[in-house]
Amino acid sequence: MSKHAIYDKVSSHLRRIYDQLNDNDLKLLTENILNIIGDVLPQPTINPEQKWSEKDVISITYADSIKCESEKPFKTLKKFFDNYLKDTINCIHVLPFFPYTSDDGFSVLDYSSVNEALGAWDDVEALSKNYKVMADVVINHCSARSQWFQNFQNQIHPGKDYFATALPTDNLSKVVRPRESELLKAVDTPNGKKYVWCTFSHDQVDFDFKNPAVLMEFIKIMILYSNFGVKIFRLDAVAFLWKKPGTSSINLPQTHEIIRLFRTIFESISPETLLITETNIPNRENLSYFGNGNEAHCIYNFSLPPLLINTLITGNSRILKTWMISMPPARFGTAYFNFIASHDGIGLRPAEGLLSEDEIENLVQTMVNFGGLTSARNDKNGRKKYYEINISLFDALKGTEVGTDEYQIDRFVCAHEIMIGLEGIPGLYIHSLLGTKNNLKKVDNTGQNRSINRHQWNYKKLTQKLDNHESEEHVVYQKITSRIKLRKKQCAFHPNATQFTLHLSDSLFGFWRQSICKSQNIFCISNISTQKQDLFFDDLNLIENQDYFDLIENKTICRKQGFTKLDPYQTLWISNTQN
């Protein structure tokens with residue numbers, strides 16, 4: 001893309017974002033952003049099919065999820081991945097690693113520094129030599145104790161006009177939020193009392209992107225991260241970016257246009273860079289962040305966790321199948337980011353319209369019975385509604401709605417066999433790879449429900465468990481890493497390979513994947529119940545006179561008998577090729 005073409009595209013984005021700017025101001029803003037970008041050299045075009053492949057698997061972790069007394073956590077993290085996951089994981093999402101004041105990193109003090117307790121930029125760069133590094137751009141808000149906000153309170157630059165404000169008399173009744181706290185925070189300044197917008201907490205003050213200076217700050221921040229090896233940006237809470245009283249202040253057109261601007265910039269200077277939007281919202285709204293293939297490269301598939309967990313605790317796949325059938329395939333150049341566990345809880349807003357209120361209540365109560373906690377929000381009518389369930393995924397699958405049983409590990413592995421076979425790029429929380437249980441002691445210490453699933457392992461104790469063949473952690477680690485390694489060998493598991501949902505009994509869940517080159521077909525079928533189930537081969541439309549193989553068991557499928565029996569939570573990957 002020539003510099004002239006970049007100028008035109010950037011200017012076009014800015015005109016849509018800041019429609020009140022006159023031509024001279026628009027020209028100046030465009031030139032300022034191009035100056036931030038620097039000298040743009042022609043970049044090779046990357047074929048959309050080559051942006052990712054079946055070999056891409058992301059692990060989500062805090063820098064200090066695994067700790068060793070003798071070294072900084074970033075070095076311990078790299079050591080652990082090098083020793084235990086080098087052949088399994090090729091991309092590491094390190095959750096916010098900046099100085100912060102609350103929310104385990106998501107209340108950032110300084111975007112340009114690495115938290116000294118964790119390491120330094122050299123450690124991030126070292127990690128990027130062996131893995132693709134994904135980092136958070138905490139773009140909606142920062143810490144109320146940051147220098148920028150201190151400057152806002154003192155009404156000096158930079159920061160004086162960086163934060164969103166409103167008046168208590170403004171119409172804020174339509175604003176959609178994931179929290180119960182008061183939206184506005186009163187702050188005394190030399191220019192009088194101001195009311196700052198706080199979508200999440202009063203320690204997390206929201207930026208005002210109506211000020212182009214804020215946009216330019218974040219372009220600088222993202223380029224800084226890129227220079228230290230970050231190749232995937234997770235745009236945290238980006239749906240809330242643009243505020244306007246009298247509206248919902250979520251998913252507004254300017255928010256989408258800002259993401260398109262980021263994509264234009266990085267396709268110009270670093271085409272291999274990816275943007276992933278973290279938008280924990282209802283499914284249809286979430287899909288809008290693909291734009292027309294010109295917005296996010298990937299979107300979090302937020303409806304998958306509650307629907308898949310609901311399927312496995314009820315033993316009924318009907319709702320999951322209905323949702324899968326309705327999901328449009330991601331066009332080339334875009335992909336779903338699939339996950340079933342993360343540092344946050346199981347979001348329930350993405351299940352709205354997919355699960356009934358009774359079904360959500362049943363899911364919540366089952367999770368509570370397994371030691372889970374819940375978080376709530378206020379809806380537009382002021383009623384409390386469940387926002388998320390806080391629980392480790394391993395404990396979330398320790399039983400069914402009937403109660404706990406002996407199938408916890410089988411059910412847990414089945415969930416991952418389904419997830420890593422689906423269209424999209426799989427993301428596995430570090431604690432899912434390790435079978436980590438609820439940490440209620442940490443909840444007591446922090447007073448935060450989300451701490452239940454943010455355990456910190458001691459490196460020595462963890463490796464002892466992983467090396468002990470009798471431990472649950474070892475069994476989980478071995479089973480899930482073996483499935484990932486198997487996935488990486490199958491071209492039919494390319495994130496954009498064709499996918500169709502299979503019509504099987506409600507006790508089974510299945511889908512068909514076909515490679516882009518059409519050479520490989522894989523039928524992925526899972527028994528999602530506690531009872532043995534019959535799978536009839538006639539239901540799969542297998543090609544006559546062609547051999548098929550179960551990749552997981554590494555054996556030939558015997559089609560003559562017409563059916564096979566699946567044990568509780570057993571998964572088959574039936575392929576026409578054998579690796």
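Predicted model: local features only at pLDDT ≥ 70, side-chain atom pairs only at ≥ 80, totals over all residues.
Leaving aside residues up to four places away in sequence, Phe 97 touches Phe 74, Ser 113, Val 114, Asn 115, Leu 118, Trp 121, Val 124 and Ala 135. Phe 80 is located in helix H3, residues 73-85. Its relative accessibility is 0%, and Phe 80 therefore counts as buried, the limit being under 20%. With the same exclusion of residues up to four places away in sequence, Phe 80 is in contact with Ile 66, Leu 85, Ile 430, Leu 434, Tyr 459, Leu 462 and Leu 466. The C-alpha atoms of Phe 80 and Lys 67 are separated by 9.8 Å, and these two residues are 13 apart along the chain.

Helix packing comes next. Two packed helices are described by the angle between their axes and the distance between the axes. Helix H6 packs with helix H7, residues 253-269, at an angle of about 40°, and their axes are 12 Å apart. H6 and H7 are therefore oblique to each other, and their crossing is right-handed. On the H6 side the contact is made by Leu 215, Ile 219, Met 222, Ile 223 and Ser 226, and on the H7 side by Ile 258, Leu 261, Phe 262, Ile 265, Phe 266 and Ile 269. By class, this contact of H6 with H7 has ten nonpolar residues, one polar and no charged.

A second pair consists of helix H9, residues 304-314, and helix H13, residues 408-421, whose axes come within 11 Å and cross at roughly 135°. H9 is therefore oblique to H13, and the crossing is right-handed. Leu 304, Leu 308 and Leu 312 of H9 meet Arg 411, Cys 414, Ala 415, Ile 418 and Met 419 of H13. The contact of H9 with H13 divides into seven nonpolar residues, no polar and one charged.

Attention now turns to the loops. Lys 55 lies in the loop between helix H2 (23-37) and strand S1 (58-61), and with 45% relative accessibility it counts as partly exposed. Lys 55 touches Asn 90 and Lys 488, not counting residues up to four places away in sequence. Its C-alpha atom is separated by 13 Å from that of Thr 481, 426 residues apart from Lys 55 along the chain.

Most residues other than glycine have a negative phi, and most peptide bonds are trans. His 157 and Pro 158 are joined by a cis peptide bond, with omega about -10°; Pro 158 is in the loop between helix H5 (147-154) and strand S6 (184-189). Asp 103 has a positive phi, near 55°. Asp 103 belongs to the loop between strand S3 (91-94) and helix H4 (121-130) and is partly exposed, with a relative accessible area of 27%. Asn 554, likewise not a glycine, has a positive phi of about 55°. Asn 554 lies in the loop between strand S24 (549-550) and strand S25 (555-556), and its relative accessible area of 51% makes Asn 554 exposed.

Note on methods. Residues numbered from 1 in each chain as written. Heavy atoms only, no water. Contact = heavy atoms within 4.5 Å. Axes fitted to C-alpha atoms, helices over the stretch in contact; angles between N-to-C directions. Helix = DSSP H or I, 4+ residues; strand = E, 2+ residues; numbered from the N terminus. Parallel < 35°, antiparallel > 145°, perpendicular 65-115°, else oblique. Left-handed = near helix turned anticlockwise from the far one by under 90°. Nonpolar A, V, L, I, M, F, W, Y, C, P; charged D, E, K, R; others polar. Buried < 20%, exposed > 50% of the residue type's maximum accessible area, 1.4 Å probe, protein only.
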